[in-house]
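Colleague: I have a model open and I want to know what stands behind the labels on it. Can we go through them one by one?

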Amino acid sequence: MTSPVLEIQNVSRSFGPVQVLHNIDFALHAGQVHALIGENGAGKSTTMKILAGYLQPSAGQVLLDGMPVHFASSQVAEDAGVIMIHQEFNLAQQLSVAENIFLGREIKRGLLLDHTAMHDQSKALLERLNCPVDPRAKISEISVPNRQMVEIAKALGRKARVLIMDEPTAVLTSRETDILLEQIDRLREQGTAILYTSHKLDEIAHIADYVTVLRDGHQVFADIADGLSEDQMAETMVGRELSNLFPPLQTPQDETVLSVDNLSVDGWVENVSFTLKKGEVLGIAGLVGSGRTEMMEGVVGLRAATGRVAINNNPLKSNSVLAARQAGMVYLTEDRKEKGLLLQKNLRENLTLLALDKLSGVFINRLGEEQALDNAIAEFDIRAGDREMNAGNLSGGNQQKLLLAKTMLAEPDIVIIDEPTRGIDIGTKQQIYEFINQLAASGKSVIVISSEMSEVIGLSNRVIVMASGRVAGELTGKDINEGTIVRLAMGMTQNKATAA
Amino acid sequence: MKRREFLTTAAVAGAVGTVAKTASAQEVTHRIGVAIPSATHGFMGGLNFHAQDTINRVKETYPQLDFVLATAGDASKMVNDIEDMVATRDIDALVVLPFESEPLTSPVQAVAEQGIWVTVVDRGLSVPGIEDLYVAGDNPGFGRVAGEYFRENLTSGQKIVVLRGIPTTLDNERVDAFTAALDGSGVEILDMQHGNWNRDDAFNVMQDFLSKYSEIDAVWAADDDMAIGVMEAIAQAGRTEEMWIVGGAGMKEIIGRIRDGDPQLPVNVTYPPAQISSAIEMTALGLVSATPVSGRFIIGSQLVTPENAADFYFPDSPF
Amino acid sequence: MTDITTSAPQAQKRKLNFHLLGPLFALIALIILGACLNSNFLSYGNVTNVLARSAFIGIIAVGMTFVITSGGIDLSVGSMAAFIAGVMILSMNSLIPIMGVGVPVIIMGMLIAAISGFAAGWLNGFLIAKVRIEAFIVTLGTMGIYRSLVTWLADGGTLSLSFDLRGIYRPVYYDGIFGISWPIIVFAAVAIIGEITMRHTRFGRHCSAIGANQQVAVYSAIKVNRVRIATYALLGVLVGLATIMYVPRLGSASGSTGVLWELEAIAAVIIGGTALKGGTGRVWGTVIGVLILSLIDNILNLASIVSPYLNGTIQGVIVILAVVLQREKKTAD
């Protein structure tokens, strides 16, 4: 084995009195993919930030090429070829793709910027990633997965020796994930050392040469990936045996609670009709961009839509989120940071925002709010260091739980959840699956939109597959399987799909 | 008189247009451009009124004359107005009250160089000799007349406070002349603060003067808008008997009270907004007749007393 | 060492409060400075003067707090106050022949002021929320419109309330109960109601949610447009109320009435700890901000320690200091 490029030895880290990392010890080698896995809050982000110079260790040291180094800032680390790609992208929304890729190291010709050279080089970098984005497009105009690709192109452009990737596939579809994994393979062959984190254990099993598992700030496992099964990884992470990830399905009742007829959302969805039964979990599958989210936003009144939506046979006032909520239907956004939570507000204000009318007369019932927060923390197992902390400081999983708690405070009968477990560790995932199942059991109806095939398959009584803004097919029982869903999502007809 | 007409300026401009078409018949021979600051303050309101009034009057007397009136809210708008007048209205004479001296000097100079008659009102340009005619109020005189009244009517050791205007050369000239006139009289100036020729600011400043000084014999408010604020503050403190006030510029309400013998307002000092009338009239005269009207005309500041107040009272003026 | 766990959160709370209370410390420092410089500073007369003259900006600034908290801005309030004052004076004068000189005319005038304030504010809100024009542009436009309208109404001069009415209306500014004048009482009432509305009602919570992240507010079933328009309409009504207290003071309005009030109100809001980009609003902070601004003027008038030309410099320095004081230190670790 080659000598390590980047190494951390006995690294500990404390925030105030709280120690979040205990003696972490591992090495990254050129031409290897090193997976760092663990539940949310296990210390992965802190470890990565120490490696990339965003944080300093409280104890222990970082070694570059065998020599102790001190990365005083991420800039220093980047100059040494250690580049981290964040989950929240560091891209300037209003600048073009090429401008972002060359941000801070613009190519100049004399005093002026050499736009042609930057454009051509960006194009070459993006082509290496099989990413069809126009280098002249603005970041705000391109899709989230493509932004991920731009981030990676930006790192490649900086001649990264060590690439630290924080859940790069969290927002990618499976096809995009495949492209990314291929690219990582290529980078590995070119001799880049890669530190890779993901909650998707199948990816880890597929790509990793070496696996380090963190649990509560301790390194609980470190070994070569060969022969390590996904179950073993999951159990090491969680520290207990994981029984079946998905609870057994509930049986829906006959009563129809929601019916949608000929719903269209301009530019996204055309003439979609479906129904939802009491106690049913309806899965919505389809590629990113197939109109899943837009359809549901149309149903709950967040987007202008035509067509008829009825709850318990009562037509719903269109374009009114409030009317939908009052009729008992709520929508949980996939974008919890931008649309779900007020990141700089505390937990209490976030929790009660949707259902504030239930907690106030003329004045807001402050005691009631505190009580609701107590209940939410207990019921949803929200792990917050401090009740007064801001929602933005919670880990992703806890943010998702808070968002769930916020939604459930409105006491809905119909819950539409978009990407319920995006960027969430396996332990929390299981809790959320359990929770969705319990909702159905208690007679509520749930619609789950997800890009994770296993999730749709494991949770749903029935699945609607969307393709290009239309319903490509509806599946029940044994028909709900990966092959059928993929074929429908790719635009094959249902007959062919089920026949095949 | 019915005023508050919408689009006064536009109406005049429009009228000018139609007159110009029929001009050959009526033989409009000369056109005068008038550029003044817009009516954002009592004094300028009066000035606007007098400008409009004079234009109407002069046009009746001399049908062969035509006017273009433009009001500007800032110096650069005024420059644009003047350039437009020269370029598109083909004026023969320009009457201008410069918004500020510096920025208007070279544009007006350019106008003069084209052989257009230039009359400058109130505020001088930075370069002497550009204008054919200069008509202005007398700023040092304004301060001196007031100062002399204070000197004659107060004894040594009596105390006064002064409200100044917006910090400008004009304000400095007035205040310097005022203090010079008081020099050696033994009258003590307790304090001077800027009331910015604004009623509300003057009210606040006077309130603070009243808190600060237990004995004040007289107030030089230097402007009638400020005098109004000052009087309210004094009334609020219940000290109306203690001091008298001299304002300035001849606002009609104040002049009215002087005429009626208000002991709180014994006199006033003029700085008439009507100076624009003189400027327009003299310019018109210069164009239609052979009377020589060039040179400098300083309209002296006069002391308005209960005896002569009726001569300074213009009930139609908004000021 | 056993008490570490109990003392740590307390220390944190104290630190937090220090930043929150920054403007209050600045105010106290100013009061001490004023008292040292002039013995009349704390006299009953001076204190009531300062409080009463703060009332106009103060009442407006409370409304401005809601607008800024929900992520908006209103530059038109100064012009709006002048315009409302003009409309109020003209209509009261013209009502005299119909209603005679008496209290009913005054009450009509007050109603007209409140209604025109509401209408003017609502119009701003409507253009911003429904027609979707930037708040800065809308209110910059209406600022010019109201300013020129009042100049037009006054024909470039000054609109004065009929002398007979002034006698009846004057006590609204100059009198009061228990030695506290009406403007102070009204300002205090507006401030207290504003504080409660901001902290303890759905409207206040919705304002800060919209200011923090409009998307989240939309997804949380908040009627964003309605709340937004309401903040501007509320501000308009408060401008009307401020005008009701202002007109009896001098009995007149002109093109120079209320000049720069908008900037003073906005400055007071920001000094008080409300974020200019919205999301957090503190009505009590705004009140302190207003008092700081009036006190600076008052102290400079009372003390004559610096050239009056430098008044603006002193104000600027204190405003910036008050904001710096409340900035939370970035955690050094």
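**Between chain C and chain B**

Modeller: Across the interface of chain C and chain B, the rule finds 4 salt bridges. Bear in mind that this is a predicted model.

Colleague: What makes B:D208 and C:R53 a salt bridge?

Modeller: The distance and the atoms decide it. The closest N and O atoms of B:D208 and C:R53 are 2.8 Å apart. The cut-off is 4 Å, between a side-chain nitrogen of Lys or Arg and a carboxyl oxygen of Asp or Glu. The 2.8 Å of B:D208 and C:R53 is within 4 Å, so the pair is called a salt bridge.

Colleague: How many residue pairs are in polar contact between chain C and chain B?

Modeller: The count is 17 residue pairs, with both residues at pLDDT 80 or more.

Colleague: Which elements of chain C supply at least two residues each to the side that touches chain B?

Modeller: They are α3 (44-69), α6 (135-153), β1 (158-160), α8 (171-174), α12 (224-250) and α14 (283-303) of chain C. Of these, α14(C) gives the most, with 6 residues. By class, that side of chain C has 12 nonpolar, 18 polar and 6 charged residues.

Colleague: How do you know that chain C and chain B are in contact?

Modeller: Contact needs heavy atoms within 4.5 Å. On that test, 36 residues of chain C are in contact with 35 residues of chain B. The two chains bury about 2,900 Å² between them, 42% of it on carbon and sulfur atoms. In chain C, the residues that lose the most area to chain B are C:W152, C:L250 and C:N301, together 20% of what that side buries.

**Between chain A and chain C**

Colleague: What makes C:R205 and A:E369 a salt bridge?

Modeller: Their closest N and O atoms are 2.7 Å apart. That is within the 4 Å cut-off, so C:R205 and A:E369 qualify. The count between chain A and chain C is 1 salt bridge.

Colleague: Which element gives the largest share of the side of chain A that touches chain C?

Modeller: First, the polar contacts: the rule finds 8 residue pairs across this interface, both at pLDDT 80 or more. The elements of chain A that give two or more residues to that side are α10 (321-326), α11 (336-340) and α12 (347-352). The largest share, 4 residues, comes from α11(A). The residues of that side divide into 12 nonpolar, 8 polar and 13 charged.

Colleague: How much area do chain A and chain C bury between them?

Modeller: About 2,200 Å², with 57% of it on carbon and sulfur atoms. A:K339, A:L353 and A:I364 supply 23% of the area that chain A buries against chain C, more than any other three residues. As for contacts, 33 residues of chain A touch 21 residues of chain C.

**Inside chain A**

Colleague: Why are β14 and β17 of chain A said to stand at the edges?

Modeller: The sheet is open, and its 4 strands run in the order β14-β13-β16-β17 with antiparallel pairing. β14 (269-277) and β17 (314-315) each have a single partner strand, so one side of each is left without a neighbour in the sheet.

Colleague: How do you know that β16 and β17 of chain A pair?

Modeller: Pairing needs at least two bridges. Strand β16 (residues 306-311) and β17(A) share 2 bridges in the antiparallel sense, so they count as paired. A:A310 stands opposite A:P315 in β17(A).

Terms used: Residues numbered from 1 in each chain as written. Chains lettered and ligands numbered in written order. Predicted model: local features only at pLDDT ≥ 70, side-chain atom pairs only at ≥ 80, totals over all residues. Heavy atoms only, no water. Buried area = accessible area lost by both parts, 1.4 Å probe. Polar contact = N/O pair within 3.5 Å; in protein donor to acceptor, adjacent residues only side chain to side chain. Nonpolar A, V, L, I, M, F, W, Y, C, P; charged D, E, K, R; others polar.
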